[in-house]
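I record here what I looked up in this model, entry by entry. The sequence and coordinates follow.

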Amino acid sequence: MTRSRTSFLAVLGAAALGGSLAAAPSAFAAPATDTAKPAATHATSAYAGSAEDQAANRQFFDAVMKSALKKQAAKPGIQAVTVRYRTSRAPSFRSQIAQSTQIWNSSVGNVKLQETTSTGDFEYREGNDSRGSYASTDGHGHGYIFLDYRQNQQYNSTRVTAHETGHVLGLPDHYSGPCSELMSGGGPGTSCTNAYPNTQERQRVNSLWARGISTLQDKGELTKVR
């Protein structure tokens, strides 16, 4: 998509900046009770507190982990997994994506994010969507993070990006949490600008990826595909 963030600002103007996301729920901002689910063709991590939503987050995490580990199967004694992503379909958010990557790479040690111009484990996309920003996967190692223009103007954009990336790394939404908790997303309101995971979230990601590596090694899945 070639539409820039600047042109989006010009179109929306003051109304967009002062508007509410009550009618545009997403994975970042907790949806209203009667929000319709996205199409079943993609498992979307829109927060509703249901088992279905938790399964969608887990599906994305599992797909990305397996895809990343298979690509590094030839490396013995693997300690950290590199998850590669593309940004070609989210040109307006390259700065926020780079900041999100730096935040996560400095926060955890068992998984690293790295940009690529070739086939990645997932990609970032941008555009307009009534659901706002969200993470989605087909369950087969192909997934993407969608960054919604309007939402990224109302909320701190780096926080939105880092939050959605947290889903790729295995973290669920927790909207009742404080601003210091990254996965509380839009729960604390638009004034919250924290884009860093807290201690518990960092430990959770490190534990998930360390355990994931061990599990797949035990099953022999690290050497099945080369």
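**Disulfide.** I looked up the torsion about the S-S bond of C179 and C192; it is about 90°, so the disulfide is right-handed. C179 lies in the loop between α5 (157–168) and α6 (199–219), and C192 in the loop between α5 and α6, 13 residues apart. The S to S distance of C179 and C192 is 2.0 Å, where a disulfide is a pair of cysteine sulfur atoms within 2.5 Å. My search of the whole structure returned one disulfide. C179 is partly exposed at a relative accessible area of 27%, whereas C192 is buried at 4%. I take buried as under 20% relative accessible area, exposed as over 50% and partly exposed as in between (1.4 Å probe, protein chains only).

**Basis of the entries.** This is a predicted model, in which local features need pLDDT of at least 70 and side-chain atom pairs count only at pLDDT 80 or more, while totals for chains, interfaces and linings use all residues. Residues are numbered from 1 along each chain as its sequence is written, and side-chain values use heavy atoms, with hydrogens and water left out.

**Chain.** I noted seven helices and six strands in the protein chain; helices (H or I, at least four residues) and strands (E, at least two) are DSSP runs, numbered from the N terminus. Their order along the sequence is α-β-α-β-α-β-β-β-β-α-α-α-α. Of the 226 residues, 49% count as buried.

**Helix α3.** I checked the length of α3 (residues 94–107): its 14 residues, at 1.5 Å a residue, should span 20 Å, and the end C-alpha atoms are 20 Å apart, which agrees. The expected span is 1.5 Å times one less than the number of residues. I list Q96, I97, S100, T101, I103, W104 and S107 as the buried residues of α3. Seen down the axis, these fall within an arc of 165°, so they line one face of the helix; the arc is that of the directions from the helix axis to the C-beta atoms.

**Aromatic pairs.** I found nine aromatic pairs in the structure. Rings of Phe, Tyr and Trp (its six-membered ring) pair if their centres lie within 6.5 Å; planes under 30 degrees apart count as stacked, over 60 as edge-to-face and the rest as tilted. Y85 and Y124 are edge-to-face, at 5.4 Å centre to centre and 90° between the planes. Y85 belongs to strand β2 (residues 81–89) and Y124 to strand β4 (residues 122–127), 39 residues apart. Both Y85 and Y124 are buried. F93 and Y149 are stacked, at 6.2 Å and 20°.
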